[in-house]
Amino acid sequence: MSTSPALVVENLTKTYPAKGKAPAVEAVRGLSFSVEAGEFFGLLGPNGAGKSTTLGCITTLVRPTGGRILVAGVDVVAQPIEARRRLAVVPQTRNLDRDLTVREVLTYHGRYFGLPAAEREARADRLMTELQITEKATSKPLTLSGGMQQRVMIARALMHDPRVLLLDEPTTGLDPQARRQLWELLQGLHKRGVTIILTTHYMEEADRLCQRLAIVDHGRILTLDTPDNLKKSLPGGAILDLVARTPQPLLPTLAALAGVVRSERLEDASGDATKERLRLFVDAGDGLLDRVLSVVKSAGADLDHVSLMAPSLEDVYIHLTGKDLRE
Amino acid sequence: MTAFLALLRRDIVVASRNALMLLTASLTQPVLVVLVFGNILPRLHLVSDEFRAVMVPGLMSITMLMAGVQGVLMPLSTDLGGSREVDERLLAPISVLGVSIQKVVAGAIHAGTAGLIALPAMMLLMHKVTGVEVHPRWALLLPGVVLSGLLSASFGLTLGTQVQPRFAGLLFAVVLGPLMLFGCAYYPWMGLAVLGPVKYVFLLNPLVFMSEAMRMAVTPDVPHMPTPLLVGGLVGFTVLFVVLGTRSFARRTIL
């Protein structure tokens, strides 16, 4: 096979040894996944889930305790230098060389990777245009806004034309506008064929960008699939909310309908005793909505509101871990 | 090797942009010491001519020690600090050992430059005073400067990777200060015979060998320690600190 996966992680473990009074920390406990070339892959999980450690192991900056990692077919432990030629990382902390200008940050990165002069100059120009940082070419990185620094780091990462681009929580600390711009930028890169692996604890980000994602907690993968399949994996697969004024309770009859997996009454703030707010977890199969409506009609109720929603990744996460994403 | 040279180039370019600041930091102290002890006090007949001849190579070695240690220690604190700028280097296609050796070489260039600029500066300041016999012997001076630079920079790497940046002030006060006072910078090691066997305790101080090397190269008339001991000490301490420094650099950077 000429095309090996962009990234293979097999049974990765990492235990940070005990240090003084601090006990040993099992940050990653047997993680496996692989990412195909051209894929946009996400690691979603709360802070402390082991995402950054996993990324550190992939990028050769953290020594794995066990397991194997191949970047474009190259073992990162056995051949770290070769692996580094094939990957690039945009770290969580802004680590731009503060003594160089933006342009030099890019050209020196090119030098480190042995790019010939003409090529690194041309590539720096092209990336600065693409990432809209040309006007800052002669500025020092620390004078730039967070969003700008982020773009310089992405340009820097792309200088040596890596097979895999890894981003560690790239939008943490960015304002909403900068975050949106970064999303568009990443989508653009992905369309151009760059393999992207991203860690995040933002549901919306994972949902919007990633083709597949692994939900990670306590150093393990809880589930791994496309965002749509993850949402479909919830019991029922859809959420039906309805509000009605009714002379008799609707809940018992609705709960007994075929296709309703779970049901609950929601609090109603109006204090109107005849008003019923219900949430049904349903298999949105054939005729379900008709059956629900006929129950409502035959009870002589007036329907105020009805909505059928797809569940969000947040619901998936809560379902898997029994808790909210802790910030 | 490409990455090694590119990193070195980056360090030299950045250092040359800050040359004025770096040289001021390294040279102010020795130049002022020379001005007082080599020019003013002799005119007041408070110190002897011999002292001035002894002091010149000593101050060169102190200048190089400070420049070498600071040249590695200061960048290291931003490198290993919160923003982890070092990761950019570690992600370059070069081994971790290569990155740390490159830091030592860059620091040694810094130290050597400072030492070689300090020498004429000091000679100039003492110019009007008679009785100073300073004759640089370049064939001895240049290798001495190179080894002293490597020793200082690798010492800086060892300190910088084993001492937290917040203790840097303490480091200068309780480590570098005493090293300078007991580093045979202001007196020749051969003269310590008056102390009996205690003179051998001084050999635990790496600066002693740097001072004696400069003494041999710059003031031929002042007796210096036996050459094999001198070379052995310089090389030995350099190897020791390169090993210690690169090891703890690897420990600090790759988790």
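B:C184 is buried, because its relative accessibility is 0% (buried means under 20% relative accessible area, exposed over 50% and partly exposed in between, with a 1.4 Å probe and protein chains only). This is a predicted model, in which local features need pLDDT of at least 70, side-chain atom pairs count only at pLDDT 80 or more, and totals for chains, interfaces and linings use all residues. Residues are numbered from 1 along each chain as its sequence is written, chains are lettered from A and ligands numbered from 1 in the order in which they are written, and side-chain values use heavy atoms, with hydrogens and water left out.

**Residues with positive phi**

- Most residues other than glycine have a negative phi.
- B:C184 has a phi near 55 degrees, a positive value in a residue other than glycine.
- B:C184 lies in the loop between α7 (168-181) and α8 (198-201) of chain B; helices (H or I, at least four residues) and strands (E, at least two) are DSSP runs, numbered from the N terminus.
- A:D161 also has a positive phi, near 55 degrees, and is not a glycine.
- The loop between α5 and β7 of chain A holds A:D161.
- A:D161 has a relative accessible area of 55%, so it counts as exposed.

**The loop residue A:K136**

- A:K136 sits in the loop between α4 (117-130) and α5 (146-158) of chain A.
- A:K136 is partly exposed, because its relative accessibility is 27%.
- Leaving out residues up to four places away in sequence, A:K136 touches A:V102, A:L144 and A:M148 (contact means heavy atoms within 4.5 Å).
- A:V102 is 34 residues from A:K136 along the chain, and their C-alpha atoms are separated by 6.7 Å.

- Strands of a sheet pair through backbone hydrogen bonds, either parallel or antiparallel.
- β8 (residues 195-200) of chain A is largely enclosed by the rest of the structure, because six of its six residues are buried.
- From β8(A), A:T195, A:I197 and A:T199 point one way, while A:I196, A:L198 and A:T200 point the other way.
- β8(A) pairs in the parallel sense with strand β3 (residues 40-44) of chain A over five bridges; two strands pair if DSSP finds at least two bridges between them.
- A:L198 in β8(A) is the bridge partner of A:G42.
- Strand β7 (residues 164-168) of chain A also pairs with β8(A) in the parallel sense, over five bridges.
- Opposite A:I197 in β8(A) stands A:L166, and opposite A:L198 in β8(A) stands A:L167.
- Five of the five residues of β7(A) are buried, so β7(A) is largely enclosed by the rest of the structure.
- A:V164, A:L166 and A:D168 point one way from β7(A), and A:L165 and A:L167 the other way.
- Strand β6 (residues 87-90) of chain A runs parallel to β7(A) and is joined to it by four bridges.
- A:V89 is opposite A:L166 in β7(A).

**The antiparallel sheet of chain A**

- An open sheet of four strands in chain A has the order β2-β1-β4-β5, with antiparallel pairing.
- β2 (25-35) and β5 (74-75) of chain A are at the edges with a single partner strand each, so one side of each has no neighbour in the sheet.
- Five bridges join strand β1 (residues 7-16) and strand β4 (residues 66-71) of chain A in the antiparallel sense.
- A:L70 in β4(A) has A:V8 opposite.

**Contact between chain B and chain A**

- The contact involves 25 residues from chain B and 28 residues from chain A.
- The two chains, B and A, bury about 2500 Å² between them, 55% of it on carbon and sulfur atoms (buried area is the accessible area, with a 1.4 Å probe, that two parts lose on being put together, summed over both).
- B:E88, B:L91 and B:P93 supply 27% of the area that chain B buries against chain A, more than any other three residues.
- Four salt bridges are found across the interface of chain B and chain A (a side-chain nitrogen of Lys or Arg within 4 Å of a carboxyl oxygen of Asp or Glu).
- A:E104 and B:R17 form a salt bridge, with their closest N and O atoms 2.4 Å apart.
- On the side of chain B that touches chain A, α1 (2-17) and α4 (86-90) of chain B each supply at least two residues.
- α1(B) gives the largest share of that side of chain B, nine residues.
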